[in-house]
Amino acid sequence: RGESMKPFDRASVLQIRGAAKVSLDRYAPAIQDFEAALRLDALPAAQNEQLRYNIAQLHFQTENYAQAVRHFNDWLAKAETPSDNAYYMLAAAHYYQKQYANARAPIERAMQLASQPNRRHFDLANIIYSELDQKAPRTRLLQRMIEHWPAEQSYWKQLAALQMEQGQERQAFTTMELAYRSGLLTEEADLLTLAQFYSVHNNPHRGAAMLEKEMAD
């Protein structure tokens with residue numbers, strides 16, 4: 001029927017065809033159909049906003065991050081109950097463009113909106129704070145990450161290193177000792193670092209006993 005179709009009918013068909021293309025992993029032509037349906041502005045407002053969100057997601061999946069940012073911002077401007085995932089993808093789209101300052105607010109919002117701690121949110125925030133050299137907020141973030149995922153060795157080591165960078169040697173020592181007592185420090189370099197901490201903080205005997213035990217094991 002082509003151009004003889006009513007705008008609502010045409011927009012509906014474009015929306016359905018776009019969804020079919022998504023299921024076939026044909027993202028670029030799916031975006032074209034969704035954008036054409038959106039331009040007609042003939043569907044109910046809720047459906048148009050869903051189309052806008054789908055377009056943003058597809059641009060993100062196809063690594064067209066500048067367009068993803070534009071469409072996510074357009075969608076968020078009207079969304080009544082935005083999801084944490086939308087803010088996460090917006091932050092990630094900024095991150096992949098090395099727009100670290102722009103990525104900070106949306107990733108923090110994603111963490112606020114999430115119903116429970118989401119590890120990928122925290123990991124992205126950790127990287128963003130690192131790129132921005134935001135030591136204080138990154139320290140607080142890593143402390144929360146350790147509370148949520150205490151078995152992740154790298155979080156403990158990152159926190160200790162960050163505390164050392166800020167001249168917080170006592171806190172770094174405590175972090176390393178807690179990690180060791182939790183069975184998370186097994187590498188030679190980490191054990192030697194902890195032994196040195198014991199010496200610096202006037203307890204060389206405990207450091208020596210720890211090294212003796214670890215060599216025996």
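**Figure 1. Helices H3 and H5 cross in the predicted model**. The axes of helix H3 (residues 45-61) and helix H5 (residues 84-96) come within 11 Å, and they cross at roughly 40 degrees. Two packed helices are described by the angle between their axes and the distance between the axes. H3 and H5 are therefore oblique to each other. Their crossing is left-handed.

**Figure 2. Residues in the contact of H3 with H5**. On the H3 side, the contact involves Tyr53, Gln57 and Phe60. On the H5 side, the residues are Asn85, Ala86, Met89, Ala92, Ala93 and Tyr96. Seven of the residues in this contact are nonpolar and two are polar, while none is charged.

**Figure 3. Aspartate 25, a residue with positive phi**. Most residues other than glycine have a negative phi. Aspartate 25 is not a glycine, yet its phi is positive, at about 60 degrees. Aspartate 25 lies in the loop between helix H1 (7-23) and helix H2 (27-40). Its relative accessibility is 53%, so aspartate 25 counts as exposed, the cut-off for exposed being over 50%.

Figure 4. Lysine 98 has a positive phi of about 65 degrees, although it is not a glycine. With a relative accessible area of 65%, lysine 98 is exposed.

**Figure 5. The aromatic pair of phenylalanine 60 and tyrosine 65**. A search of the whole structure finds ten aromatic pairs. In the pair of phenylalanine 60 and tyrosine 65, the ring centres are 5.6 Å apart and the planes are at 70 degrees, so the pair is edge-to-face. Phenylalanine 60 has a relative accessible area of 17% and is buried. Tyrosine 65 is also buried, with a relative accessible area of 14%.

**Figure 6. The aromatic pair of phenylalanine 173 and tyrosine 198**. The rings of phenylalanine 173 and tyrosine 198 are 5.2 Å apart, centre to centre, with 85 degrees between their planes, and this pair is edge-to-face. The pair links distant parts of the chain, as its two residues are 25 residues apart. Phenylalanine 173 belongs to helix H10 (residues 169-181), and tyrosine 198 belongs to helix H11 (residues 188-200). Both phenylalanine 173 and tyrosine 198 are buried.

**Figure 7. An aromatic cluster that includes phenylalanine 60 and tyrosine 65**. Phe60 and Tyr65 form one aromatic cluster together with Tyr95, Tyr96 and Tyr100.

Conventions: Residues numbered from 1 in each chain as written. Predicted model: local features only at pLDDT ≥ 70, side-chain atom pairs only at ≥ 80, totals over all residues. Heavy atoms only, no water. Axes fitted to C-alpha atoms, helices over the stretch in contact; angles between N-to-C directions. Helix = DSSP H or I, 4+ residues; strand = E, 2+ residues; numbered from the N terminus. Parallel < 35°, antiparallel > 145°, perpendicular 65-115°, else oblique. Left-handed = near helix turned anticlockwise from the far one by under 90°. Contact = heavy atoms within 4.5 Å. Nonpolar A, V, L, I, M, F, W, Y, C, P; charged D, E, K, R; others polar. Buried < 20%, exposed > 50% of the residue type's maximum accessible area, 1.4 Å probe, protein only. Phe/Tyr/Trp six-rings, centres within 6.5 Å; stacked < 30°, edge-to-face > 60°.
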